[in-house]
Amino acid sequence: NKLFRTAKADCALQLVQDRLNESDLTRLVQACLFAPGSANETETSIAAALSRGFQDLVSYTNNSFELRDLIYFLRSITHKLGRKASALDDTAGLGKIIAASLLRNFDGVAETFCSGILTVNGTLGTAVLLALRELGDQTVANIRACLSEKLHDGEDLNASAIRDIMIIDPTGAAYALMLELGLIDKASHEVLDAVALARDRSPKALVDFNAQFKGAMAKGETIVLL
């Protein structure tokens, strides 16, 4: 919060982060999922499998996903799993947790991620694959869960597993369908038409939209952007 001297006012600092190698990625997964300290063989195997799954996913989707996507995925697992070491011994249960988190964060390409898990940890990979097929299409359930998520008192949003969902619908029927299914309640959700800004680019339209957005945030409402 200090003004630069005029001679330095046009300076900039560029930070560049290389893609993590497999070893670094495995350590990142371990740090996100497990308690600090030396990881045991089971934890290392799980971390290596999830690391490989993410690498395969990134390669398959031509770098469409970044580390933030992996970290939200791992937070989702941690939220469901907790830090109980005994939970890791239940492979089927762990497979269901990982599968649910895959569908929440990588729906549509979850089986590609699972293929990477299979190459490193066949037992875990099989459990995840079976759970994915058992769960089936979770689109509606995930939308409902996303719209109902709230921060607990004292919870840090920067460490939370809460993540917004983007629905890409070329037919334009998603909003009407969500209303019909009861996913959106106009009384508790603020629905804002962002597409209207493309039709009306006047300063007044932008100011009105920002005012609605900030007003909903101030009241703690869930915002649905169309």
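Q: Why is Asp24 called partly exposed?
A: Its relative accessible area is 27%. Buried means under 20%, exposed over 50%, and partly exposed in between, with a 1.4 Å probe and protein chains only as cover. A value of 27% falls in between, so Asp24 is partly exposed.

Q: How do you know what kind of model this is, and what was counted?
A: This is a predicted model, in which local features need pLDDT of at least 70 and side-chain atom pairs pLDDT 80 or more, while totals for chains, interfaces and linings use all residues. Residues are numbered from 1 along each chain as its sequence is written, and side-chain values use heavy atoms, without hydrogens or water.

Q: What makes Arg27 and Asp24 a salt bridge?
A: Their side chains meet at 2.4 Å, N to O. A salt bridge needs a side-chain nitrogen of Lys or Arg within 4 Å of a carboxyl oxygen of Asp or Glu. The 2.4 Å contact is within 4 Å, so the pair counts. Both residues lie in helix 1, 3 residues apart, which means about one helical turn. Arg27 has 48% relative accessibility and is partly exposed.

Q: What makes Glu22 and Arg52 a link between separate parts of the chain?
A: Glu22 forms a salt bridge with Arg52, with the closest N and O atoms 3.1 Å apart. Glu22 sits in helix 1 (residues 22–33) and Arg52 in helix 2, so the pair ties together parts 30 residues apart in sequence. Glu22 is partly exposed at 33%. Arg52 is partly exposed too, at 25%.

Q: Why is Lys204 called exposed, whereas Asp208 is called partly exposed?
A: Lys204 has a relative accessible area of 59%. That is over 50%, so Lys204 is exposed. Asp208 stands at 37% and counts as partly exposed. The two side chains meet in a salt bridge at 2.8 Å, N to O. They are 4 residues apart in helix 10, about one helical turn. By the salt-bridge rule the count comes to 4.

Q: Why is the lining of the largest cavity called nonpolar?
A: A cavity is a set of points on a 1 Å grid over the protein atoms alone where a 1.4 Å probe fits but cannot get out; lining residues have an atom within 4 Å of a point. The structure holds 1 cavity of 30 Å³ or more. Its volume, the space filled by probe spheres set on the points, is about 30 Å³. Leu33, Phe34, Ile46, Leu50, Ile77, Leu81, Leu88, Leu94 and Ile98 line this cavity. Helix 2 (41–60), helix 3 (67–81) and helix 4 (91–105) each give two or more of these residues. Leu, Phe and Ile count as nonpolar. The tally is therefore 9 nonpolar, no polar and no charged.

Q: What makes up the lining of the largest pocket?
A: A pocket is an open set of points with protein on both sides within 12 Å along at least five of seven lines. The largest one has a volume of about 1,200 Å³. It is lined by 30 residues, with Asp164, Thr222, Ile223, Val224 and Leu225 nearest its centre. Strand 2 gives the most, with 4 residues. By class, the lining has 21 nonpolar, 3 polar and 6 charged residues.

Q: What makes up the lining of the second largest pocket?
A: Its lining has 18 residues, and Arg104, Asp107, Ile165, Met166 and Ile167 lie nearest the centre. The volume is about 520 Å³. Helix 4 and helix 7 each supply at least two lining residues. The classes are 9 nonpolar, 4 polar and 5 charged.
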